[in-house]
Amino acid sequence: SSRGRRMSFVLDPRLARDSHAIGELRLSQLRLMDDARFTWLILVPRIAGARELVDLDATDRSQLLEEITLVGRALEVLVCPDKLNIAAIGNVVAQLHVHLIARFESDALWPDPVWGRGERVVLTNDAREQQLARLREALKAELS
């Protein structure tokens with residue numbers, strides 16, 4: 001069971017460096033990617049050693065899908081994207097994490113995927129704090 005692996009969960013240092021904590025959901029840590037080009041969120045299930053979706057037990061997989069849905073709906077309400085990209089790739093950071101990226105036909109990389117494309121644009125302090133506040137407000141009933 002993945003239950004026993006929660007106590008030893010440690011966030012991958014690269015995820016910690018490249019994103020900002022929004023808050024904790026029941027299973028996952030929710031983070032904002034530090035890239036001003038996109039509204040890009042990351043869900044990281046707090047399960048030590050989890051690398052793939054198939055590493056989660058049925059209960060945790062179901063909970064992760066609920067959290068993806070919850071966060072995806074919040075993004076749709078907040079930014080009204082043309083498309084919501086949802087992916088768990090993990091080729092660079094092996095720790096299981098799910099990207100939710102609000103995409104627009106007007107964004108610089110449309111219609112291509114965002115991974116490894118172009119240079120990341122670091123959020124200004126004001127933009128970061130504004131996005132974190134909006135996301136925390138939108139998800140306040142679910143965040144701890």
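Modeller: Take Pro111, which sits in the loop between strand S5 (98–103) and H3. The model is a predicted one. What kind of peptide bond joins Trp110 and Pro111? The bond is cis, with omega at about 0°.

The loop that holds Pro111 has H3 on one side, and helix H3 covers residues 125–138. Helix H2, residues 58–79, approaches H3. The two axes come within 10 Å. They cross at roughly 120°. What does that angle make of the pair? Angles of 65 to 115 degrees count as roughly perpendicular and those over 145 as roughly antiparallel. H2 and H3 are therefore oblique to each other. As for handedness, H2 passes H3 in a right-handed crossing. On the H2 side, Leu75, Leu78 and Val79 make the contact. H3 answers with Arg134, Leu135 and Ala138. By class, the contact residues are five nonpolar and one charged, with no polar residue.

Follow H2 onwards. Between H2 and strand S4 (83–87) there is a loop, and Cys80 lies in it.

The largest pocket has a volume of about 490 Å³. Its lining runs to 21 residues. Nearest the centre of this pocket are Arg14, Met33, Trp40, Trp115 and Gly116. Which elements supply at least two residues each to the lining? Helix H1 (13–18) and strand S3 (39–45) do. H1 gives the most, with three residues.

How values were computed
Residues numbered from 1 in each chain as written. Predicted model: local features only at pLDDT ≥ 70, side-chain atom pairs only at ≥ 80, totals over all residues. Heavy atoms only, no water. Axes fitted to C-alpha atoms, helices over the stretch in contact; angles between N-to-C directions. Helix = DSSP H or I, 4+ residues; strand = E, 2+ residues; numbered from the N terminus. Parallel < 35°, antiparallel > 145°, perpendicular 65-115°, else oblique. Left-handed = near helix turned anticlockwise from the far one by under 90°. Contact = heavy atoms within 4.5 Å. Nonpolar A, V, L, I, M, F, W, Y, C, P; charged D, E, K, R; others polar. 1 Å grid on protein atoms, 1.4 Å probe; cavity = no way out; pocket = protein on both sides within 12 Å on 5 of 7 lines; lining within 4 Å. Points joined across faces, edges and corners; volume = space filled by probe spheres on them.
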